Amino acid sequence: MGATLSLGALLAAQLSGSSAWSGMAATMSTLGAALVAVPLARLAQRRGRSRSLATGSLIAGSGAVLAITSVAIDVFPLLLLALMLLGAGSATNLQARFAATDLASTTYRARDLSIVVWSTTIGAVLGPNLFGPGEVVGKALGLPPLTGAFAFSLIATVGAAVVYTVGLRPDPLLTALAAREVDPAHGTRRGGLALVRTNPQARYSVAVIALSHATMVALMSMAPVHLRDHGATLTLVGLTISLHVAGMYALSPVFGWLADRLGRMPVILLGQALLLASLTIFWLAGESQTAMTVGLILLGLGWSASVVAGSALIAEAVDVHDRAALQGFSDLAMNGAGALGGALAGLILSAIGYSGLGLVTMALAVVIVVWSIVRGATARPIVR
């Protein structure tokens, strides 16, 4: 996903004839992820995780085919549609982490979820290295320039669909649903929005993930621009972002283990403390390349702790019969908040600089900290 998103930005500028359209690659991918999050969750509730995750992967695969086609026939709107379909891959990857919680015990739920999150590290490292091999493969297959990596995306998404279809047997969500009778007092199944309105723990968990993601995207998306404006080489920019991505995923099992041992709330507060530390560095020393590197690593770590612990809380907030609906709504809110954070970050950066951006986004972390204190450090999750 990371490789094709970067190439999508280059192709958007190429097909549109203006670099101003390059940002549409991330926008359309995020929009696509948001649009399919709830439908995939509903499909999981009806037909199981295996069917839902395989469907999401195949939708992303069709996006890869369409991206190659759009370049071959030089149609920019078709590329935007392709990037939107590719966004389904991101939504599928997000929902895969919840599949690890369907049959997990309370004692190890956060750990199991965090292992799936950690696996993203492998793709994040390999993805950027597919540009060169992609061009070689693309040339051998007669594909248009810059589209070879999309062939890898097609292979990966079809391969993932096969793994979901063959490997998730018995289906974890269907097994969990069959093991629990519907509570007569529960009534009909509710949608994610209804659950957030009526369930304080669901509302809090969704807010933690959405606001933490918005904070991360806002600062991360503007970091390359800020570093380049202050004389950083492309190599240094790439290294800095790689360290940030490592912070996001590499230590997620550690945060999962801590969430199981210490509780979800302490790890969420740890995540917010790390975010606030990174934002303080950006605010006070955002002109320093060394400080930027340290700040971006802390930003990734804070995101990881918050999302892992928050996702575990979501899995425990409602009965298993409502779990997929809430998880789908959470991913919708997460992607929507990230898109909004990235869009507003550019305006804030232009107005008051990167230091000002760090100061402004502190408000999001403060909201979560205050909310956590109000809920109380001894609040017990509703384990279903």
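**Entry 1: overall dimensions.** I started with the radius of gyration. A compact globule of 384 residues would come out near 21 Å, and the chain has 20 Å, so the two agree. I keep in mind that this is a predicted model. Next I looked up the extent of the C-alpha trace, which spans about 60 × 50 × 30 Å along its principal axes. Buried residues account for 50% of the 384 in the chain.

**Entry 2: secondary structure.** My count for the chain is 15 helices and zero strands.

**Entry 3: α10 and α13.** How do the axes of these two helices cross? I found that α10 (residues 200-229) and α13 (residues 264-285) have axes that come within 12 Å and cross at roughly 25°. An angle under 35 degrees counts as roughly parallel, so α10 is roughly parallel to α13. The handedness of this crossing is left-handed. From α10, the contact uses Tyr204, Val208, Ser212, Thr215 and Leu219, while α13 brings Met265, Ile268, Gln272, Leu275, Leu279 and Phe282.

**Entry 4: α4 and α15.** I then turned to α4 (residues 76-99) and α15 (residues 320-375), whose axes come within 10 Å and cross at roughly 135°. That angle makes α4 oblique to α15. I noted a right-handed crossing for α4 and α15. On the α4 side I listed Ala91, Leu94, Gln95, Arg97 and Phe98; on the α15 side, Gln327, Gly328, Asp331, Met334 and Asn335. The class tally for α4 with α15 is four nonpolar, four polar and two charged residues.

**Entry 5: α5 and α14.** Helix α5 (residues 109-126) packs on α14 at about 125°, and their axes are 9 Å apart. This pair is therefore oblique, and the crossing of α5 and α14 is right-handed. Arg109, Ala110, Leu113 and Ser114 of α5 meet Val308, Ser311, Ala312, Ala315 and Glu316 of α14. I count five nonpolar, two polar and two charged residues in the contact of α5 with α14.

While on α14 (residues 289-317), I picked out Thr293, which lies in that helix. Is Thr293 buried or exposed? Its relative accessibility is 18%, so Thr293 counts as buried. Leaving out residues up to four places away in sequence, Thr293 touches Thr240 and Leu243.

Entry 6: Most residues other than glycine have a negative phi, and most peptide bonds are trans, so I went looking for exceptions. Where is there a cis peptide bond? One joins Arg169 and Pro170, with omega about -5°. Pro170 sits in the loop between α7 (148-167) and α8 (172-179).

For positive phi, I noted Asp74, with a value near 60°. Asp74 is in the loop between α3 (49-73) and α4, and is exposed, at a relative accessible area of 53%. Leu146 also has a positive phi, near 70°. Leu146 belongs to the loop between α6 (131-141) and α7, and at 24% relative accessibility Leu146 counts as partly exposed.

How values were computed:
Residues are numbered from 1 along each chain as its sequence is written. This is a predicted model: local features need pLDDT of at least 70, side-chain atom pairs count only at pLDDT 80 or more; totals for chains, interfaces and linings use all residues. Side-chain values use heavy atoms; hydrogens and water are left out. Axes are lines fitted to C-alpha atoms, for helices over the stretch in contact, and angles run from 0 to 180 degrees between N-to-C directions. Helices (H or I, at least four residues) and strands (E, at least two) are DSSP runs, numbered from the N terminus. Angles under 35 degrees count as roughly parallel, over 145 as roughly antiparallel, 65 to 115 as roughly perpendicular and the rest as oblique. A crossing is left-handed if the near helix is turned anticlockwise from the far one by less than a right angle, and right-handed if clockwise. Contact means heavy atoms within 4.5 Å. The radius of gyration is taken over C-alpha atoms; the globule rule is 2.2 Å times the number of residues to the power 0.38. Buried means under 20% relative accessible area, exposed over 50%, partly exposed in between (1.4 Å probe, protein chains only). Ala, Val, Leu, Ile, Met, Phe, Trp, Tyr, Cys and Pro count as nonpolar, Asp, Glu, Lys and Arg as charged, and the others, Gly among them, as polar.
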